[in-house]
Every structure is written in structure tokens, then in C-alpha cells.
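Work through the exercises below with the sequence and the 3D model open. Each task is followed by a solution in steps.

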2 protein chains.
Amino acid sequence: MRIVYSEKHKLHATDEVLKEGNPFITEEIPARAEKILSAIRSAHLGTITEPSDHGLEPILAVHDADFVHHLREVYFENAAYWGKPEAVFPHAFAVRQSRRKPRGFLGQLGYYAFSSGTPILEGTWEAAYWSVQTALTAADFLLAGDRSVYALCRPPGHHAARDFYGGFCYLNNAAIAARYLGTGGARVAILDLDYHHGNGTQEIFYDDPLVMFCSLHADPDENYPYYWGGADEVGEGPGKGANRNWPLPRDTDDESYLQTLELALDAILTFSPEHLVVSAGFDILAGDPVGGFAITNDGLRRIGCLVASLDIPTVIVQEGGYAIEHLGEYAVTFLKSFS
Amino acid sequence: MRIVYSEKHKLHATDEVLKEGNPFITEEIPARAEKILSAIRSAHLGTITEPSDHGLEPILAVHDADFVHHLREVYFENAAYWGKPEAVFPHAFAVRQSRRKPRGFLGQLGYYAFSSGTPILEGTWEAAYWSVQTALTAADFLLAGDRSVYALCRPPGHHAARDFYGGFCYLNNAAIAARYLGTGGARVAILDLDYHHGNGTQEIFYDDPLVMFCSLHADPDENYPYYWGGADEVGEGPGKGANRNWPLPRDTDDESYLQTLELALDAILTFSPEHLVVSAGFDILAGDPVGGFAITNDGLRRIGCLVASLDIPTVIVQEGGYAIEHLGEYAVTFLKSFS
């Protein structure tokens, strides 16, 4: 299996962030991708390739241009405004009944975001940009005939919608790859296996009949991202029926996860896509500091085998997973099922 | 002039808050109300009265019942969930395209809030409850024949809408007093003179033809609360025309403020209300750490005189103002214009 990876993710150096002068502790740190890379190397899983640059066009096919401008520029606007460079965090948000999009960057901070724990650092744009290129390059290999390719993306992407970011995500790698694979009208399915609902991906394709979004995730009544992820969210307009959510209870184990996964895979087979994008989050494993399921390593292997048995050309895009010391093992287990 | 004040505001002890283990510094502290009270006492401005308890009914005439329940209970739900009592801050928010209201309190945190700098402490509910009773008791004096009454409310209220809080505000004291004064169909005008747009008050009465909302405030393109406060927000449905916003540029001085105020007072006179509620924020004065206007103490006196010249029975409700050492002087200056 080919692996696509860029060192640029380290520019999103979340292990050194200050928020209002105090250390900002986050689980989404560069070591995540490094641990996975190192385990993949040791396991000789396949050739590791640098991403090629596809430019902004595939990004703008998914994200709002003003939003992209904001992600690129806000760190520098903020530094100029306050007279010092520092991590950018939104404080106020454009919630229900909001009536205007402010012209200044201070208000745009919370217009383009939905949570306060996702800092924009000096290198965030470049890291997010190359995370997208990583997914796009994996898609290129698929289009060239590979059966499965792994995009070791960081930062992750599935919480980023057309024009707002949050949940450690800025640009939606999986969604951008899916739209790119769908160029010319090909049907694409996205299977989101992260612990958290992929609200950004859902919203991007909510009315799109050519991209199916299927997600297994923790019940949003009790889990991030809270405001999306219900089983009754089925898409709208021409996309109605092409969005499927399976919220699962805390402590979900291998057997019940696999049973639900079969339902999702049936839905995908019925949709009959030419390509599959898997948003892979290893935060479903027991013991993940952010998760709450009880999936075992063997369960993860079986999940991978079941998805691979669809025999659809598949790009696997890295999303969450925060048990740093185990991430490499999880990635190798999951990816081996595809080869 | 009668003054209504309750010591209960001190229960909202924002000078001792920790956020994720670090001191949370806020401008909205108990000393604000204490400084004002002390100056009013020294100036022998009038009788200081404790509020009487009007119960929940007038609160529920303005706010959503589930929202009120959340404000009352979330501190304790949060303490039980995490196993320790601590200030409650939302992190994720129900922004555009949100599709569900989560059942658990963790998600409700950001469903019922629009900013992350407004902590809920153990005593917040009781302080906010008595801040409302303070405004209601002032309204009682008005209904009994007083021409002007001052409600020394803390926490402030004008950013709190029907079912979300933020900007140091939890329950909307001015809106609750206005609806209470309007019982039976009386026309009421609210004049919001705080530096920040009173988005909560606006939204509560946005379609209400019997309560006019007029606000002078800092341009929301650059200032909190950002997503409300444009001059084009004029009300809707039967309330169309009964909402008027005058956003003003940074460094607005006495003369241009007073000129704009005359426009607002003309609109109020045309509306011909039986009662007036003034949301008074002293953050319009030059040097306020949160504000950005250049109003002088004499300008404030002239603002008060102009409002008083309307000769409409008026409840003055305290909103913002953060120049601690000057707040007492400002309050006395403003209130003297009414006596």
C-alpha cells in the first residue's frame, strides 16, 4: 500500500501553544503523525511518498473563498492588531439568530469557527494546506489504478465545513479528496469511522446526491460535536437519503460496532460508488483519552477487513486518535487489512 | 431618585475564577457595583431599597424555560459529571447549520451560549435572579408613580437573548423589566446606551410592535457582539420599524454622540411609549478598558439631561462600564440628570 505523508504538519506546532499567557494543552499534536509514520516504516507497509501540489483549486471546490482567505491571513491580521504574534482563538460565535457577517477579523474569528479549542498558529495554514495535498495525492494514486492508498493527514479535517472550522480541523481533507475523485460525475462514498461525528463532511455534501456520507460515531447527545450527528440527519434536497448517521452509545464494543458497520457497508454497496474515502479515526479504540468506545486492536483489524471486503478503490484519510503510544500499532493493524 | 440594589450580586464572584486551572481575568467583577453603590451613598442621591421577589414568572415571560433550567442547574450538573466543582465555560457552539439540540448538558453549554468568556459559577444563578428582581422592583416604583428609578443591576443583562447568554450577561434585566412594564398592552421603549450593542434585547423584541428597541453602540464590524447591531436591523413581522440601531465609529466624541442620540430620542417620541427603560453602560466614557469612545463626564451629564427631557417615566438599568475607579462618579453624574 502506498502512503502519502508530508513533514509540513509540524508547522502546526500545537505542542507549544499559549492561550492568554498560559499553556494550551491539546491532544492533537505533531507526535501523532510521527508515531504513525515511524510504525509504518518499521512494518515496511509500503512506499512513502511526498504529496504533490494541486494548488488552491480543489480546496475552493469545497470551501468558501472568504473562509479560506481568513484561515490564511488571520494569524497575521491578529498579530498586527495586537502588536504581537500569538495563537488565535475565537471567543464569540455567530450562533442562532445572528444577523450579520462582520467585516473585521475579530468578529470573523467566531463567524468562521464553532469551537474555542482549535488555535490558528503561524504555520497552521501551511500545515492544513499540505494535509489537503496529502489526501489529493493519495486520490491521484487511486485514479492511476491503486486499490487502496493511505493519506497520513495532519491536521485532521472532518469537522471543517464549507465555511467554518473547529475540533482540531481547518480544511476538510476527506471532503476535498472526495470531490476531487468525483470530478466528471463519478459517485463517491465517504465512510467516517472516527469516534466523533464528521459534521463538516456531512454539511459539505448534505444536498449532494453524488457523494454519500456514512458515519459511525459517539452519540452527539453526550459527545462532541453535539449539534450534528443524529440518525434523523439524512441529507436534503437532491442529497436526501445520501447521508446516514449511526450514533453509538458509550463503551460500544467490537461486536456491536461491527454489526452497525455492516449496515453502513450495505448502504454504501447499494449506493454503488466508484471510489471510497475512509475517514479513519483511531479514537474509537479502548483507552483513547478523547474517545469512549471499547474497540480492541483485533476489532480494528476486523473493521479494516470488512471495509476492504467491499473491494472499492479506497483512500484512507487519517482523522483523530490520541493515544499517542498506541497510534502506530493501530495504524499498522488497520492498514494491513487492506493489503 | 430611588435606587434598588441587592448584595446578592457578590455571589457571582468573578474575581476568583479559574479556567482550566489558570486565573480567568475579567472586567465584570463585584467591585463594579460596590463602587457605584458607595458613590451613590456619598452623594445622597436617594433612598436605597432592597429588591422584592417577583418569582420566576416575569423571567419566563422573556426567556425559554429550558434555558432558564440550564442556567440554574448546569453548574451542579458539571460538578457531578467531572467530580469537582469548577467554573463552567462552553467550548463548542451551535453555529450556522447546526441540526440538533443535544440532550446532555455538555452540548447544551454551547447551545445556550454565544461566547466563551462568560463563566457560570456556583452563585451565578442566584446573582442573576436577584439582578432581575432589582430591575423588576425598580419597575414597581415606576408603576407606583416615580418618574425615574435606578436599578443597580449586576450581572448585566442586555447580551442575553431568549435562549442564549454571553458577554457577561445571563438574564436580560432590561428586557424583563420592559415586558413587565408592558403587561396589559402598554407601549415601552428601551434605549440602550451601552458601548456594545444590546443584541439580546434586540432579539427578544425583534418581532414585537409594542416594545421599541433603540441602541447607540460601537460599530459591530469591529466590536463585540459582532453578529448583531447593523443599522439595517429594523425588526421583523409586526415589529418591523420598532428596532433601530445606530452603530458609531471608534473615538466617537460628545458632539457626535449627542447628535445621534437626538435621532434616537425623536424615534422614541414618535413611538410614544408610556414607559422608558434605559440600558445604561458607562463603557462609553473615554478610557474604559473595554470601550473605545471618547465621551467625557460632561458629555455623560448632557446625555442624561437629554434623555430626562423626554419626560417619560424611566427605569435606568445598569449594564456595562469597567473603569472601576471612575464608575461611581459616572453613575452619580448620569443619575443626577434625572432628578
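**Exercise 1.** How many residue pairs are in polar contact across the interface of chain B and chain A?

*Solution.* The model is predicted, so local features need pLDDT of at least 70, side-chain atom pairs count only at pLDDT 80 or more, and totals for chains, interfaces and linings use all residues. Residues are numbered from 1 along each chain as its sequence is written, chains are lettered from A and ligands numbered from 1 in the order in which they are written, and side-chain values use heavy atoms, with hydrogens and water left out.

Step 1. Apply the rule for a polar contact: a pair of N or O atoms within 3.5 Å, where within protein one must be able to donate a hydrogen and the other to accept it, and residues adjacent in sequence count only if both atoms are side-chain atoms. Across the interface of chain B and chain A this gives 32 residue pairs, both residues at pLDDT 80 or more.

Step 2. Look at the side of chain B that touches chain A. Helices H4 (105-111) and H7 (199-204) of chain B each supply at least two of its residues, helices being DSSP runs (H or I, at least four residues) numbered from the N terminus. H4(B) gives the largest share, four residues.

**Exercise 2.** Find the salt bridges across the interface of chain B and chain A.

*Solution.* Step 1. Search for a side-chain nitrogen of Lys or Arg within 4 Å of a carboxyl oxygen of Asp or Glu. The rule finds 10 salt bridges between chain B and chain A.

Step 1. Take A:Arg103 and B:Asp221, whose side chains form a salt bridge at 2.7 Å, N to O.

**Exercise 3.** State the area buried between chain B and chain A, and the residues that take part.

*Solution.* Step 1. Count residues in contact (heavy atoms within 4.5 Å): 41 come from chain B and 41 from chain A.

Step 1. Compute the accessible area (1.4 Å probe) that the two parts lose on being put together, summed over both.

Step 2. B:Arg96, B:Arg99 and B:Tyr227 supply 23% of the area that chain B buries against chain A, more than any other three residues.

**Exercise 4.** Describe how H9 and H10 of chain A cross.

*Solution.* Step 1. The axes of H9(A) (residues 297-308) and H10(A) (residues 327-336) come within 8 Å and cross at roughly 35 degrees.

Step 1. List the contact: A:Asn297, A:Leu300, A:Arg301, A:Ile303 and A:Gly304 of H9(A) meet A:Glu329, A:Tyr330, A:Thr333 and A:Phe334 of H10(A).

Definitions and conventions:
Axes are lines fitted to C-alpha atoms, for helices over the stretch in contact, and angles run from 0 to 180 degrees between N-to-C directions.
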